[in-house]
Amino acid sequence: MKESSNIHTAKSNDLKHPDRVPYLLACDAEGNMFEEEDYEVIGRSGTRLMGLKPEDFIELPEGSEFFNMPCRHPYGMNKHTGEVELLEDVYAVAAFVSPAYTQTFMPAYEETDGAETLPLYAYTAVGWLDDKFYTTAVRIDPDPRQDFENFDCEEIEQKTVETMQEFSENRLIQHLGANCSLTYSCPAARNFFMGRWEAPIPLSPACNSNCLGCISFQPDEHGIDAMQNRIDFIPYIEEVIEMAVPHLENAPLPIVSFGQGCEGEPLLVWQLIRDVIVAIRKRTKRGIINLNTNGSKPKAVDELFKAGLDSIRVSMNSVRKDVYNKYYLPNNYEYEDVIESIKVARQHGKWASINYFTLPGFTDNKEEFETLRQVIRYTDLSMIQWRNFNIDLEWYLSKLGMEDTGEGLGVAEVMEAIHEEFPHIAYGYFNPPIEVQEKYNALREK
Ligand code: SF4
């Protein structure tokens, strides 16, 4: 196992660029994929079509998947004329890139009548050249914890079943096994059963946000499916201790995280989390106890850090208040509470990340960039996790009531600019173990 210790920036990338822009990948009505040899890939950034350079592409990472996109015709750059054309006799194809990679351009296509809202995945431009697939992304995190080659399905299934049998009375372990590991193939749950890295602790069936793209709850009127069912009980403290303490004591680079895809908002059960943290720390000092959250309750966050919480990750689709509110549709909390929660973590001297839903054209919008700089200065943020935003772009635009996403600076360019101005801020995709936190803390002190 490789330790995740490299200090990583947007330039980091372990896959080669092609020597020219790849051919457009398209499919027929049956979903058969092929390259269009007269057309190069065109990217999309928000509401704009973008010509691409070979340096925008990397080889498609192992474990990535493909989507064909019904009722969506692709745009391509005609190699002979240099004109951008809509290919109305074929359908668009997108890549879902593996975790640890952040997309820089989406696929360019035009919806036709009858196009249904796409499922909650991130759609990235993809092409074909010299017998290889290429996509527009950067490797943002060197940590191998969700790399394809680390997941042997048979071994994971065997260890999941064995652990479920051993702890047959523990409802939390049963939930993590039957739902998360065996049904949804959740990488964090699978890593728990493999006894390594970051393990999930879902606790909260309810939420105080109404995110448009929530993966654990979707109202009927959205016409899209939630990707996972929420946990439907609140585990007992003993059930949590029984799974979390051995993990922290024995796993390499151990982390346990409250706030998972299969639950609501953990701060709604913050008193339980406080008691769990105290109970864990009576038994072991090893590893990181982390909270993934919407950051809606800064006073509760303060109490959790007093109890011994080590790090927090606050999710945000945007640091612009109006864009945040239109997506999160918060109940009884304000955007300012979210920012305050980040600041509270730093006032305790603890690690604070944002889970920054990255969507080309939005994340690199000029106003977004300027606001991000202000948020970094105000909160003293430790880390940006540039994680792909799982959403249908057209649906998102319509829900935000946005016709033009405005000037885009480029996702990779924004990553570079923030890194240049704030070199002490870590970039990544995952909550870092203590070893990585310490490296960055040392950088801060220089
Ligand atoms: S904060 Fe999380 S659980 Fe709550 S609505 Fe948003 S995505 Fe869903």
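In this predicted model, the domain assignment divides the protein chain into domain 1, residues 23–139, and domain 2, residues 153–358. Taken over C-alpha atoms, the centres of the two domains are 33 Å apart. Six residues from domain 1 and nine residues from domain 2 make up the contact.

The size of an interface is often given as the accessible area lost when the parts come together. For domain 1 and domain 2 this buried area is about 550 Å², and 75% of it lies on carbon and sulfur atoms. On the side of domain 1, the residues that lose the most area to domain 2 are Gln103, Thr117 and Leu120, which together account for 74% of what that side buries.

The polar side of the contact can be described by counts. Between domain 1 and domain 2 there are zero salt bridges. The side of domain 1 that touches domain 2 consists of three nonpolar residues, three polar residues and no charged ones.

Aromatic rings are a separate topic. The model contains 20 aromatic pairs, counted with ring centres within 6.5 Å. One of them joins phenylalanine 192 and phenylalanine 193, with 4.9 Å from centre to centre and 65° between the planes. The pair is classed as edge-to-face because its planes are over 60 degrees apart. Both phenylalanine 192 and phenylalanine 193 are buried.

Notes
Residues numbered from 1 in each chain as written. Predicted model: local features only at pLDDT ≥ 70, side-chain atom pairs only at ≥ 80, totals over all residues. Heavy atoms only, no water. Domains from an automatic or database assignment. Contact = heavy atoms within 4.5 Å. Buried area = accessible area lost by both parts, 1.4 Å probe. Salt bridge = Lys/Arg side-chain N within 4 Å of Asp/Glu carboxyl O. Nonpolar A, V, L, I, M, F, W, Y, C, P; charged D, E, K, R; others polar. Phe/Tyr/Trp six-rings, centres within 6.5 Å; stacked < 30°, edge-to-face > 60°. Buried < 20%, exposed > 50% of the residue type's maximum accessible area, 1.4 Å probe, protein only.
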